[in-house]
Structure formats: structure tokens, C-alpha cells
Amino acid sequence: DHLGPRGAGGHGAPGGSGGPSAHHPAHGGHGHGHHAEQLAATYSPESARQIYIQRKDGGFGFTLRHFIVYPPEEGDTSGPPISEPMDTIFVKFIKEGGPATLAGLQVGDRLISVNGESVAGLTYAQVVQLIQNTKGMLRLVVVPEKDDILQVYFSEIAQDPKTNTRIEPSGSVIPGSSSGAAVANLLGSGSSRDSSPF
């Protein structure tokens, strides 16, 4: 429907990433292919950190939030480096003194993998399921907000009055108004859902 040409030859790749996909082996052998590659383009691997959270009193002590980020319009080089809508999952809330706090998880962290399984190509429901099915120790790989290309990109847009006009004043999201829709989503309206606390 409104997605435009499907991933036209990776023209949205961030500068300096070399040519298309050749040197991005899919991590962990799960290889969701294109999704894994797109996920890899949105953060710097050095900034990712591994966190181990021990389930306690039936929970891990955090809540997630799900956003769908839309790719930039054709020819918009300032957009995020993605070629099709991408599910992103962030830590929204952390219970004080809970297991996630002790493990060093932080609000704004974006999930990259759960128990060694990349979130690329998984639905939000599948990710929630993976976490809920974890009995003892939960292993997450996350990227902090400040090193997350998507969050840095959207916070810049949010603070720039020129680009702000692309957000519908009511905060409603119109499918197809790609960057505006994505900003509105990331600013807390549109296609975002909160999970039940873990």
C-alpha cells in the first residue's frame, strides 16, 4: 500500500557503510536477512550492551513500549537508514529496586536481542512471549538512548521547528506521511503500544 518501492537498492544506507549488505553476516545464525541488516544499520555495535536480569517474585521489573518507525520519503536523505517500516521496542518503565534496576537496565534502552534471539523480523507479540517464557535469567542486548541512531534522529526532529510542521497538530498519524508519522509515533502517539509489565 503506502510503503513505496520495496527497499530500493539500499539507497538509504548511512554514509560510510560501504556498499549494500555484503559485509553484514546475519548475526547469531538466525539470519532474518534483510531485517537483521536493517536493524544493524540503526545502532553502532560498540554501544550495545548485554544485560542479565534474574526473575524475582514472578517478574523482571520493567515495561516495554513498541513503536513502528516509517522510512523517509524517496529522496529524503535526512531520514532514518531504513527502507521499510521497522518495529522498535524500547524500555518504558523500570520498577525501582526491581531486578531490572539491579541489572543496570535503563529507560530509553532499545531491545536488540532477547536470550540470543535477534528481535529483527520478530513481531512485538513474539518478543513479549520470549520474555514471558523466560523462567530464570533473562539475557538482553540493548542500545542506550544516546547511541541509538533512531532516537537521536527523532529527538533532533522533535526539537527543530521547521520539521515540526510535518507532525499533524492533533498528534494523529496519517499512514503514508512517513517522517511525520514516525515522529508523532516516537513522541508518543500513533502506533505505539505498552506491554504489560514483566
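Arginine 49 counts as partly exposed, at 25% relative accessibility. That value sits between the 20% limit for buried and the 50% limit for exposed. The model is predicted.

Arginine 49 forms a salt bridge with aspartate 109. The closest N and O atoms of the two are 2.8 Å apart. The pair links distant parts of the chain, 60 residues apart. Arginine 49 belongs to strand E1, residues 49-54. Aspartate 109 lies in the loop between helix H2 (99-103) and strand E4 (110-114). Is aspartate 109 buried or exposed? Aspartate 109 counts as buried, because its relative accessibility is 1% and buried means under 20%.

Arginine 110 pairs with aspartate 148 in a salt bridge. Here the closest N and O atoms are 2.7 Å apart. Arginine 110 is in strand E4, and aspartate 148 is in the loop between strand E6 (137-143) and helix H4 (149-159). The pair therefore ties together parts that are 38 residues apart in sequence.

How accessible are the two residues? Arginine 110 has a relative accessible area of 1% and is buried. Aspartate 148 is at 0% relative accessibility, so this residue counts as buried too.

## Lysine 146 and aspartate 147

Another salt bridge joins the side chains of lysine 146 and aspartate 147. The N to O distance is 3.0 Å. Lysine 146 counts as exposed, at 66% relative accessibility. Aspartate 147 counts as partly exposed, at 26%.

A search of the whole structure finds four salt bridges. Those described above are among them. The general principle is simple: side chains of opposite charge can pair when their charged atoms come close.

## Overall architecture

The protein has six helices and seven strands. From the N terminus on, the order of elements is α-β-β-β-α-β-β-α-β-α-α-α-β.

What share of contacts joins residues at least 24 apart in sequence? Among contacts between residues at least 6 apart, the share is 70%.

## Burial and surface

The protein has 198 residues, and buried residues make up 41% of them. Aspartate 109 is one of the buried residues. Its accessible surface as a whole protein is a separate figure: the protein comes to about 10100 Å². Carbon and sulfur atoms account for 55% of that surface.

Conventions
Residues numbered from 1 in each chain as written. Predicted model: local features only at pLDDT ≥ 70, side-chain atom pairs only at ≥ 80, totals over all residues. Heavy atoms only, no water. Helix = DSSP H or I, 4+ residues; strand = E, 2+ residues; numbered from the N terminus. Buried < 20%, exposed > 50% of the residue type's maximum accessible area, 1.4 Å probe, protein only. Contact = heavy atoms within 4.5 Å. Areas by Shrake-Rupley, 256 points an atom, 1.4 Å probe, with all protein chains shown as cover.
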